[in-house]
Each structure stands twice: as structure tokens, then as C-alpha cells.
Amino acid sequence: MEDIQKEVHPLDPFLPEGARMLMLGSFPPPRARWSMEFYYPNLQNDMWRIFGLVFFGDARYFLNQPEPGCPGPKPAFDRERIAAFLTDKGIALGDTARAVIRHKGNASDKFLEIVEPVDIGGLLTRLPECRYIVTTGDKATSTLASLTGAPEPPVGGYSEFLFAGRTLRHYRMPSSSRAYPLPIARKAETYAALMREAGLL
């Protein structure tokens, strides 16, 4: 029998002071797949490898991994290094869903039903300097568009909308999931173009 229990988001939004960019996914994977207590925690998700490539030319920059043949903890993303980097760059993180029903035991958008979307107005009120919102997948993109009324942008592009006297750009980036059929180097190129346009690279 299908488990239809509502699942509430386990993380608070990450909102560094002065952030100019807000990145929004859909919802975290099941906790069993986490390598850290933070956004994009699954080692099979390439978001932090993409960021490593874009900003440091190294896909493993945000990954803690023991030397071959040496005992140690399992590989994991380094939450503290990631959080410090995002704070320095002024990049906030959140998700477009506050509560979901997960119809399969995975993070696939295809089986994720959003029953409570994020309060995007509340988030933006807490980010007065934000001018760029970035969504990282189809469901995140369509959910944000439904909340703002702005058209869904094409992958790599943006649409604009007004919020409390601010003009904001909603950028749509390739999903960092390995299920999205694009090599990581190509994904990194698209993210790098966005970061240059936003003055972060």
C-alpha cells in the first residue's frame, strides 16, 4: 500500500546576510541518502561538484574524501566549507516545497507531490538585497512560476517579475541530478555564465 504521509521540510532556509541570489530546489531526498545536514546532501547529486568546477576548477573541492587505502569516515560533502563559501558570495538556499507527499521512496520530482509551497514572499522579505532567484529543476521552476506569476524561463535563461518594488530575475538552471542528461562540464558552463552575469564570478 502506498505511503501517503505528509513530509515537512527538515531544514531551515539558509539566508546569509546581504545575499543577492536565492537558489531553490524542490525538496531534499530521504534522509538515508544524506552525507551532511544541508541542501543537496546526496553524494549522487552534483550541485557541489558543479560549484567546485565553476569557482575553483575542481569538482572535488567541497568533498571530504579519505586518501586511498587509509581508514577514515565515508566521503561526504563538507557542510562548513560550503556554508562559508555561500556566505562569502551572498548565495541563499531553500526549496520551493515546504511540505510534500513522497509517492516513491526517492527524490524524483516525478513522484513528489507538493502539498504546501514555500512562502516566497516571506523569504524575499528576509532577503532585501536579493535580485536573482535560481531554480534547479523542472518542478522547482514550475512551482516558483506559479507563485510569482512570471513565465517559466528556458534552461539557461530567465524571466522577470516584480516584488515589493524590486525587479527580480528568475533563472532556470540544468538540474544537478545525474538523471538530467547533460555532462557535468556542460552544466558547469551554464552555471558559470549565470554567476558571471550576477557578478559573483
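Two strands count as paired if DSSP finds at least two bridges between them. By that rule, strand β9 (residues 158-163) and β10 are a pair, joined in the antiparallel sense over six bridges. The model shown here is a predicted one.

Strands of a sheet pair through backbone hydrogen bonds, and the pairing may be parallel or antiparallel. Five of the seven residues of β10 are buried, so the strand is largely enclosed by the rest of the structure.

An open sheet can be followed elsewhere in the chain. It has three strands in the order β1-β6-β7, and their pairing is antiparallel. The edge strands are β1 (6-8) and β7 (112-117), each of which pairs on one side only. From one strand to the next, the twist averages 30°. Three bridges hold β1 and β6 (residues 97-102) in their antiparallel pairing. One of the residue pairs involved is Lys6 with its bridge partner Ile101 in β6.

The helices come next. How much of helix α1 is buried? Eight of the ten residues of α1 (residues 47-56) are buried, so this helix is largely enclosed by the rest of the structure. The buried residues are Met47, Trp48, Arg49, Ile50, Phe51, Gly52, Val54 and Phe55. Their cover includes the strands β2 (21-25), β3 (63-64), β4 (76-77) and β5 (91-95), together with the helices α2 (79-89) and α5 (184-197). After α1 comes Gly57, which has a positive phi near 65°.

Helix α5 has 14 residues and reaches 20 Å from its first C-alpha to its last, close to the 20 Å expected at 1.5 Å a residue. Its buried residues are Lys187, Ala188, Tyr191, Ala192, Leu194 and Met195. Seen down the axis of α5, these residues fall within an arc of 160°, so they line one face of the helix. The spacing can be understood from helix geometry: an α-helix has 3.6 residues a turn, so residues three or four places apart point the same way. The face of α5 turned away from the buried side carries the exposed residues Glu189 and Arg196. On the buried side, the cover includes β2, α1, β5, β8 (132-135) and β10. Gly199, which follows α5, has a positive phi near 75°.

Between β10 and α5 there is a loop, and Leu182 has its place there. Leu182 is partly exposed, with a relative accessible area of 22%. Leaving aside neighbours within four places in sequence, Leu182 is in contact with Pro174 and Lys187.

The last topic is charge. Side chains of opposite charge can pair when their charged atoms come close. How many salt bridges does the model contain? The count comes to ten when a salt bridge is taken as a side-chain nitrogen of Lys or Arg within 4 Å of a carboxyl oxygen of Asp or Glu. Arg31 and Glu37 form one of them, with 2.5 Å from N to O. Both of these residues are partly exposed: Arg31 has a relative accessible area of 44%, and Glu37 has one of 45%.

In another salt bridge, the side chains of Asp138 and Arg172 meet at 2.6 Å, N to O. Asp138 lies in helix α4 (residues 138-148) and Arg172 in strand β10 (residues 166-172), so the pair ties together parts that are 34 residues apart in sequence. Arg172 has 14% relative accessibility and counts as buried, because the limit for buried is under 20%.

The side chains of Asp46 and Arg49 also meet in a salt bridge, at 3.0 Å from N to O. Both residues are buried. Salt bridges that share partners join Asp46, Arg49 and Arg178 into one network.

Conventions. Residues numbered from 1 in each chain as written. Predicted model: local features only at pLDDT ≥ 70, side-chain atom pairs only at ≥ 80, totals over all residues. Heavy atoms only, no water. Helix = DSSP H or I, 4+ residues; strand = E, 2+ residues; numbered from the N terminus. Axes fitted to C-alpha atoms, helices over the stretch in contact; angles between N-to-C directions. Buried < 20%, exposed > 50% of the residue type's maximum accessible area, 1.4 Å probe, protein only. Contact = heavy atoms within 4.5 Å. Expected span 1.5 Å × (residues − 1). Arc of directions from axis to C-beta.
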